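Have a look at the structure first, then read on.

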Amino acid sequence: MNLHEYQTKELFSKYAIPTPKGKVIDKADQAPYVFTSLNSSVCAVKAQIHAGGRGKGGGIKIVKSPTEAKEAASKLLDKPLVTPQTGPEGKMVRKLLIEEGCAIARELYVGVIIDRNAKKPVLMVSAEGGMQIEELASKYPEKLIKECFDISTGLRQFQARKISYKFGLDPQLTQKFSALLQNISTIFIEKDCSLLEINPLVITKEGGIIAIDAKMGIDDRSLYLHPELEALRDIGEEDPRELEAAKHGLSYISMSGNIGCMVNGAGLAMSTMDIIKLYGGMPANFLDVGGGANKEQVATAFKLLLSNKDARAVLINIFGGILKCDVLAQGILDALKEVEVTVPVVVRLEGTNVTEGRKLLSKSGLSITPAADMTDAAKKVVVLAK
């Protein structure tokens, strides 16, 4: 689950991480009053969406008067914003954050993610603030300082100071910067984050340190521990198919391809997507119905695949174990009573009750293309999708 910038900054205030003064609005008429209340000659009007690259997409506007603030808000609110991370359809802007400006002397990048090789969180810091982390890691890998830390202790003081000294800050700033790095690691651990990023973290001309931007992702599996965070969930920013799948205990992630996939087991699902790409296709989703799915869950999963307007074909790849092949077949037939199939469907079944499952599908009279194995299934679905 992702938080908006303004939500993350509200959380920052509880961990002594400085942020600019600002207010959130959802109507353009509110903008002039907020600009005046901030008592700043320059303010930033920032679109609140769950996507990076807002500046490149025109979602951050610098204004110097109440009139300009209202004009900027009118151009952004209730309109789709297209950024490098949203896709061509963009994301609808429903809220804006208006913040006071500051005199920037230097921009840094600070982020924390999980290092899967080290099996620990890793703090990443760079002097190239303002750049996307992917671009930064690609173009200037030598400028990205990394420091892994243990979740039982957080970032230790000596680790924070070691990083701080590499930036040549004066003693007072070194102390502030070190404390901020430790606080960031504490948030990451205590809130079960999957991502925490400040880009840029600004050193002001007055010698202060301020988090100008903020991005935070929470591990969905930990939300039961954090009801205060789950209450911040913005349903309008999330894929409705992913939300519907979660209600039924299904693992679904939307992707940009045109071949819908239904598979049981995460490993088999990954292999299925790999082999589709190997033969020139593009998966439209990751969908793991799980080893113990019932026919109602299978029916829901199939309906989710068919609801994707970009899907040009569907591949069902099931290895029957706990989920028996005949249960899967019946779930598909139940789903077809409620939705019309307008795309080709390729089915590969193996495992428990495979004979019964194949009979159910063959007797249904549906236009289903059987596949002998994964290679056969991938080749057939790629051709049909084209």
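## About the model

This is a predicted model, in which local features need pLDDT of at least 70 and side-chain atom pairs count only at pLDDT 80 or more, while totals for chains, interfaces and linings use all residues. Residues are numbered from 1 along each chain as its sequence is written, and side-chain values use heavy atoms, with hydrogens and water left out.

Helices (H or I, at least four residues) and strands (E, at least two) are DSSP runs, numbered from the N terminus.

## The sheet and its helix

Let's begin with the strands. An open sheet is formed by 4 strands in the order β2-β7-β3-β4, with antiparallel pairing; two strands count as paired if DSSP finds at least two bridges between them. At the edges are β2 (22-25) and β4 (60-63), each pairing on one side only. From one strand to the next, the twist averages 20°.

β2 and β7 (residues 96-100) run antiparallel and are joined by 4 bridges. Within this pair, I25 has L96 in β7 as its bridge partner. Helix α1 (residues 5-12) lies across β2, β3 (43-47) and β7, at about 50° to β7. Axes here are lines fitted to C-alpha atoms, for helices over the stretch in contact, and angles run from 0 to 180 degrees between N-to-C directions.

## Helices α2 and α3

The axes of α2 (residues 31-38) and α3 (residues 66-76) come within 7 Å and cross at roughly 135°. The two helices are therefore oblique to each other; angles under 35 degrees count as roughly parallel, over 145 as roughly antiparallel, 65 to 115 as roughly perpendicular and the rest as oblique.

On the α2 side, A31, P32, F35 and T36 meet P66, A69, K70 and A73 of α3, where contact means heavy atoms within 4.5 Å. This contact has 6 nonpolar, 1 polar and 1 charged residues (Ala, Val, Leu, Ile, Met, Phe, Trp, Tyr, Cys and Pro count as nonpolar, Asp, Glu, Lys and Arg as charged, and the others, Gly among them, as polar).

## Helices α11 and α12

α11 (residues 325-336) packs with α12 (residues 354-363) at an angle of about 20°, their axes being 7 Å apart. That makes the two helices roughly parallel.

## A loop residue

A372 sits in the loop between β19 (368-370) and α13 (374-385). Is A372 buried or exposed? A372 is exposed, because its relative accessible area is 53% (buried means under 20%, exposed over 50%, partly exposed in between, with a 1.4 Å probe and protein chains only).
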